[in-house]
Amino acid sequence: MDIGFIGLGKMGQPMARRLIEAGHSLVIYDTRAEAAAPFVALGATLAASPAGVADRVETVMASLPEPHIVESVAAGERGVIHGKRIKRFVDLSTTGSTAAAAIAAQLAAKNIAQIDSPVSGGVAGAVKGTLAVMVSGPQEHIDVVKDALGVFGTVFVVGHAPGMAQTMKLANNFLSASAMAATAEAIVMGVKAGLDPAIMIDVINAGSGRNTASSGKFPNAVLPRTFDAGFATALMLKDVRLCLAEAKAAGVPTDMMGIVASLWQRLADEIGADKDFTTIIQPVERRAGVIVGKAGK
Ligand code: NAD
């Protein structure tokens, strides 16, 4: 099918590539010309704005960093809302349910449906097509895009009200953020006591402490000290903050979320919001006076 794709970043690039490989025709847009160029070489059509994308296709997907950017791409001055052909906007970004509902309402006024479709599984999952794709929105529009979304991974339709898939994604990323922060403290404690971090990871993965950080991020990006999982600290901090705000607004306990959000804030302040989120171990190492992995024990 003809699909618009806006936002060709760390996640958008491999997802757009998979759509092309599956036989879909893409009309693309990114504020960075260099991000779009490789897709033009693969046959994609480059538009000059989000509205330009939405002039040409009925389905527009977006993978964008922050909720305010999604809002401007959807409903801003040159947003998809002004497109002549668009019927549905599929937001692959982690936007949060409040922003998603606000954007859905603006688009609905122009008879454009919003499908929330945040994803989990990282850049590696986007490359392999093994993402968890969380979907909410009007069923008749989901039916149109379900096969295309299936090239990204496993599609889970979690509800039909605006933002439901975003709430699902925030719950998931809170757990991912917690696992990363907790595993960093556990491994640093062990290394300071003389344990080998590689053996610790093997034991944890064979035991009850196993989690996404111990099974993926530590062996792949922390122990080799490559810190290249492909997810910026700023984006993880955004997700944890959105989750905390949403939970507070819902009146549910946020003791853990509050602690985890402040840990990610400290990382952003100390190491840099642009750094990969696996660097969260570095402030922990600094305080403990040890280094985990290749350069250390
Ligand atoms: P990224 O910063 O690498 O990519 C964002 C892209 O959007 C960039 O190419 C940027 O140039 C483009 N962009 C920014 N403003 C724009 C605008 N106004 N118009 C058009 N293009 C614009 O981010 P990412 O890591 O690919 O993440 C994208 C989304 O997916 C985020 O919401 C993130 O939370 C979510 N996500 C990321 C990961 C991951 O592992 N990186 C995993 C799951 C979900």
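The chain is divided into domain 1 (2–161) and domain 2 (167–288), with bounds that come from an automatic or database domain assignment. This is a predicted model, in which local features need pLDDT of at least 70 and side-chain atom pairs count only at pLDDT 80 or more, while totals for chains, interfaces and linings use all residues. Residues are numbered from 1 along each chain as its sequence is written, and side-chain values use heavy atoms, with hydrogens and water left out.

The centres of domain 1 and domain 2, taken over C-alpha atoms, are 28 Å apart. Where the two meet, 14 residues of domain 1 are in contact with twelve residues of domain 2; contact means heavy atoms within 4.5 Å. Together the domains bury about 1,000 Å², 63% of it on carbon and sulfur atoms. Buried area here is the accessible area (1.4 Å probe) that two parts lose on being put together, summed over both. On the side of domain 1, Thr94, Ser97 and Met134 lose the most area to domain 2, together 39% of what that side buries.

What kinds of polar pairing occur between domain 1 and domain 2? Five residue pairs are in polar contact, both residues being at pLDDT 80 or more. A polar contact is a pair of N or O atoms within 3.5 Å; within protein, one must be able to donate a hydrogen and the other to accept it, and residues adjacent in sequence count only if both atoms are side-chain atoms.

By the salt-bridge rule the count comes to eight. Side chains of opposite charge can pair when their charged atoms come close. One of the bridges joins arginine 32 and aspartate 30, at 3.9 Å from N to O, and Asp30, Arg32 and Glu34 are linked in a network. Aspartate 30 sits in the loop between β2 (25–29) and α2 (33–41); helices (H or I, at least four residues) and strands (E, at least two) are DSSP runs, numbered from the N terminus. Aspartate 30 counts as buried because its relative accessibility is 13%, and arginine 32 is partly exposed at 37%. The cut-offs are under 20% relative accessible area for buried, over 50% for exposed, and partly exposed in between (1.4 Å probe, protein chains only). The side chain of aspartate 30 also reaches the backbone nitrogen of leucine 8 at 2.6 Å, and the backbone nitrogen of arginine 32 lies 2.8 Å from one of its polar side-chain atoms.

A second bridge pairs lysine 87 with glutamate 58, with 3.3 Å between the closest N and O atoms. This pair links distant parts of the chain, 29 residues apart: lysine 87 is in the loop between α4 (67–75) and β5 (88–91), and glutamate 58 in the loop between α3 (50–56) and β4 (59–62). Lysine 238 and aspartate 239 form another bridge at 3.2 Å, and both residues are buried.

Asparagine 111, between α5 (97–108) and β6 (113–116), is exposed at 70%. Phenylalanine 227, between α10 (212–222) and α11, is buried at 14%. Helix α11 (residues 233–250) includes threonine 233, which is buried with a relative accessible area of 0%.

Notes: Salt bridge = Lys/Arg side-chain N within 4 Å of Asp/Glu carboxyl O.
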